[in-house]
Amino acid sequence: MAQKAAIELKNITKAFGSVVANKDVCLTVNKGEILSILGENGSGKTTLMNMIAGIYFPDEGQIFIDGEEVVIASPKDAFDYKIGMIHQHFKLVDIFTATENIVLGLEDGKFDLKNAEKQVHDICEKYGFEVDPKKKIYTMSVSEKQTVEIIKVLYRGADILILDEPTAVLTPQETQRLFDVLRRMRDDGKAIIIITHKLHEVLSLSDKVAVLRKGEYVGTVNTAETNEAQLTEMMVGKKVELNIHRSEPKDAVPRLEVHHIDCSNREGVKVLDDVSFIANAGEILGVAGIAGSGQRELLEAIAGLQRLDSGAVLYNNPKTGNMENLTTKTPLQIRELGVRLSFVPEDRLGMGLVGNMDIVDNMMLRSYRRGKSVFLERKGPKDLAEHIIEELEVVTPSASTPVRRLSGGNVQKVLVGREIAASPTVLMAAYPVRGLDINSSYTIYNLLNEQKERGVAVIFVGEDLDVLLELCDRIMVIGSGRITGVVDARTATKEQIGLLMTKTEALTWEGGEDRA
Amino acid sequence: MIGTIIRYLSSSIPLGVPLLYGSTGEIVTEKSGHLNLGIPGIMYVGSISGVIGAFLYEQACGNRLANMNPALAILIPLLSCIIGSVLMGLIYSFLTVTLRVNQNVTGLALTTFGVGLGNFFGGSLAKLVDSELPNIILTNTSSFYDVSLPFAAKLGWFGEIFLSHDFLTYLAIAVAILTSLVLNRTRMGLNLRAVGENPATADAAGINVTRYKYLATCIGSAIAGLGGLQYVMVYADGVWSNNAFGDRGWMAIALVIFALWKPTMAIIGSFLFGMLCNLNNYMPQFGVPLGTDTQELFNMLPYVVTILVLIITSMRKKREHQPPQSLGLPYFREER
């Protein structure tokens with residue numbers, strides 16, 4: 001391996017107003033090397049990378065490329081220095097083809113899509129990608145879109161690749177495939193920087209690990225000489241217990257029975273297809289699946305927010321012992337029964353919280369019907385807000401700060417905290433730790449566990465399979481709106497779940513080939 | 001009867017031309033992600049700017065046809081029309097692109113403003129020549145504009161329907177086809193479409209989003225303004241009267257949806273709309289006498305067709321037929 005520095009950062013500092021996002025960060029990446037950048041949320045990983053990619057400009061410090069000091073003032077400068085960044089949220093135009101997206105913004109030479117398609121094809125061959133250059137983005141799977149992003153930077157001749165949490169949206173198999181590609185690129189002499197907070201990926205892929213904590217640079221270690229415990233300590237600043245305490249379910253009685261539900265979206269495409277399962281009280285039922293396989297619709301169907309084409313959702317009311325059919329009830333009636341939904345969508349504020357309202361008012365969204373006077377009762381919600389802020393360590397100037405101003409992780413804590421505070425009988429949490437740092441994530445896991453021990457039926461939709469396996473009692477896998485399997489979380493393996501996740505997708509791929 | 005049909009078709013085409021200019025201009029603007037509801041106002045201003053230019057030139061020539069230079073008689077109104085429309089486009093783009101004001105509010109305000117401005121100058125010019133009516137008569141200039149192709153008369157019905165029109169009609173079709181080519185076949189078009197679909201992506205790809213938005217809005221406005229000029233110089237035979245332009249601007253915006261954001265479809269659509277608008281003039285000649293009440297029903301036809309098209313396109317949800325994805329949304333790089 002050639003030990004030549006491809007890019008070197010010296011004492012980079014960047015502040016947004018009074019918040020220091022990066023302070024005195026030093027990094028070196030050699031050619032033919034993979035560097036992981038590890039850090040909790042808000043530790044400034046993405047900010048740092050955005051400075052290399054020309055989206056932000058550093059306040060202080062120097063950047064050297066191939067030993068020469070450079071100024072990167074715009075994304076265009078970054079291209080010129082052969083730096084390519086693959087953002088966490090893909091920057092692709094949906095109705096364009098893969099090739100159109102790849103050549104977008106390039107200004108050299110004649111505009112010739114045919115020739116570009118050929119070059120894209122050549123890059124695919126070289127690194128082993130499988131993408132049709134003429135396919136439209138909106139018909140692609142997440143992993144195909146990511147591939148297009150990678151080809152895009154390679155097409156521009158990038159020698160330094162930055163990937164911002166590339167595995168967050170991939171199945172284990174797809175992650176493996178991506179890592180193979182990255183290793184091949186490393187062997188081809190490219191310098192690769194990968195941002196992640198999944199420790200096992202860091203250990204299996206990278207050559208070196210740089211750790212950031214709250215914007216400060218903690219240090220760089222060689223992957224071969226470190227382990228999970230040391231990295232976590234560097235990341236968090238203290239030793240953290242990374243075990244989820246999983247108790248055996250006690251008196252698990254069926255609480256929620258879902259019978260053969262079908263559901264279509266506005267375009268008439270089936271999003272849930274003959275889904276049946278039982279959620280027990282005192283148990284955490286995990287739901288695994290590729291993003292957008294019907295998880296959202298499933299939870300919304302139970303909460304009464306989705307119209308079902310057929311099927312029934314039965315609720316075993318612990319107060320009366322009767323079975324009640326939730327499909328005939330309004331969302332409000334369902335909530336009053338104790339069925340609670342906390343869904344954390346990708347944009348976080350999309351559902352459940354109102355961004356312009358403060359924490360207290362957001363608490364009130366769930367309690368405004370109570371109280372006898374004409375005026376709103378603010379005392380209860382205020383106490384609850386303060387309780388949540390303290391208990392879940394929400395970082396906010398006060399309880400009367402608009403939720404929109406909080407960072408993503410803190411918004412999530414407010415949402416999950418509120419739903420748990422209502423002492424539910426069924427708690428549905430979708431991606432409650434999305435983007436949270438390790439500490440906050442474990443706070444949420446413990447909260448879910450507490451609820452389970454209190455006899456609540458918890459349905460947990462998660463992304464990280466390692467967590468699902470550690471936290472849940474049973475894991476249900478959903479693929480293209482169908483339940484493709486239910487496994488025991490204590491004995492199942494990641495690979496097994498990964499296979500189930502892609503099961504129906506594999507079927508449609510075969511169909512596609514038949515047509516061609 | 002055949003003669004009536006030929007006359008009907010031939011007279012429908014000039015009616016469609018302002019719509020074609022308006023909708024082509026609006027398509028260019030919308031492709032950059034800006035819904036410009038100011039188009040009616042911009043077309044109105046384009047119209048009055050052309051009138052002002054023509055008026056001043058006619059005055060300078062002492063209102064005598066013989067003194068006028070044909071090239072100047074065409075170029076002066078044409079340029080003043082473009083300048084007027086582009087200024088309106090600049091107001092719109094400054095407000096919506098730079099200041100990120102709500103696009104719908106800005107557009108509606110601009111329409112109100114444009115119509116008021118047009119009527120103000122229309123009234124003032126009429127006062128200057130001590131006209132009894134609030135009209136400005138520019139038949140001299142119009143005679144330079146409304147010149148049909150020389151060989152039209154020799155080609156019978158084909159000549160009368162397709163070749164007997166003025167140069168602005170053919171320019172409208174050429175502009176629409178050219179726009180279509182630029183949008184779909186060039187790098188500039190690809191970049192513009194990317195800006196309208198997903199400005200953050202375009203920005204990250206190194207495209208100057210602000211420049212594209214300004215240019216698309218201003219070029220779109222210039223194209224739309226020509227529709228106003230064609231209306232007054234050709235269709236109205238050089239007679240400006242306040243508010244005569246009517247709701248053609250709104251129809252042009254409706255036409256954009258009808259055309260599914262494709263300039264080539266707008267060509268078909270605008271002449272179809274022209275025929276529909278012309279129908280109530282010709283129904284009596286086709287042997288169906290119209291009362292004032294039924295006449296209004298016929299005036300409704302273009303809008304009914306637009307609604308039908310909306311219903312049909314929303315039923316077959318094809319991604320390619322949707323408006324640009326970030327249409328109407330302001331773009332700010334640092335917003336997360």
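In this predicted model, the C-alpha centres of domain 1 and domain 2 of chain A are 33 Å apart. Domain 1 of chain A covers 5-236, and domain 2 is made of 254-353 + 423-515, according to the domain assignment. Chain A also touches chain B, with 14 residues of chain A in contact with 18 residues of chain B.

**Domain contact in chain A**

- Domain 1 of chain A contributes 11 residues to the contact, and domain 2 of chain A contributes 14 residues.
- On the domain 1 side, helix H6 (172-187) and helix H8 (228-236) of chain A each provide at least two residues.
- H8(A) has the largest share of that side, with three residues.
- By class, the side of domain 1 of chain A that touches domain 2 of chain A has six nonpolar residues, four polar and one charged.

**Overall build of chain A**

- Chain A contains 17 helices and 20 strands.

**A four-stranded sheet in chain A**

- Strands of chain A form an open sheet in the order E12-E11-E14-E15, with antiparallel pairing.
- Strand E12 (270-280) and strand E15 (323-325) of chain A are at the edges; each has a single partner strand, so one side of each has no neighbour in the sheet.
- From one strand to the next, the twist averages 20°.
- Strand E11 (residues 254-264) and strand E14 (residues 310-316) of chain A run antiparallel and are joined by five bridges.
- Asp262(A) has Ser310(A) in E14(A) as its bridge partner.
- Helix H9 (residues 295-303) of chain A packs on this sheet and touches E11, E12 and E14 of chain A.
- The direction of H9(A) makes about 65° with that of E12(A).

- On the chain A side, helix H2 (residues 75-80) gives the most, with three residues.
- The residues of chain A that touch chain B comprise eight nonpolar, one polar and five charged.

**Helix H7 of chain B and its two partners**

- Helix H7 (residues 167-185) of chain B packs against helix H12 (residues 263-282) of chain B at an angle of about 150°, and their axes are 7 Å apart.
- H7(B) and H12(B) are therefore roughly antiparallel, because an angle over 145 degrees counts as such.
- H7(B) makes this contact through Ile173(B), Ala176(B), Ile177(B), Thr179(B) and Ser180(B).
- From H12(B), the contact takes Pro263(B), Thr264(B), Ala266(B) and Ile267(B).
- The contact of H7(B) with H12(B) has six nonpolar residues, three polar and no charged ones.
- H7(B) also packs with helix H8 (residues 187-197) of chain B, at an angle of about 80° and with axes 5 Å apart.
- That angle makes H7(B) roughly perpendicular to H8(B).
- Val182(B), Leu183(B), Asn184(B) and Arg185(B) of H7(B) meet Met188(B), Gly189(B), Leu192(B) and Arg193(B) of H8(B).
- Four nonpolar, two polar and two charged residues make up the contact of H7(B) with H8(B).

Definitions and conventions. Residues are numbered from 1 along each chain as its sequence is written. Chains are lettered from A and ligands numbered from 1 in the order in which they are written. This is a predicted model: local features need pLDDT of at least 70, side-chain atom pairs count only at pLDDT 80 or more; totals for chains, interfaces and linings use all residues. Axes are lines fitted to C-alpha atoms, for helices over the stretch in contact, and angles run from 0 to 180 degrees between N-to-C directions. Angles under 35 degrees count as roughly parallel, over 145 as roughly antiparallel, 65 to 115 as roughly perpendicular and the rest as oblique. Two residues are in contact if their C-beta atoms, placed from the backbone, lie within 7 Å. Ala, Val, Leu, Ile, Met, Phe, Trp, Tyr, Cys and Pro count as nonpolar, Asp, Glu, Lys and Arg as charged, and the others, Gly among them, as polar. Two strands pair if DSSP finds at least two bridges between them. Domain bounds come from an automatic or database domain assignment.
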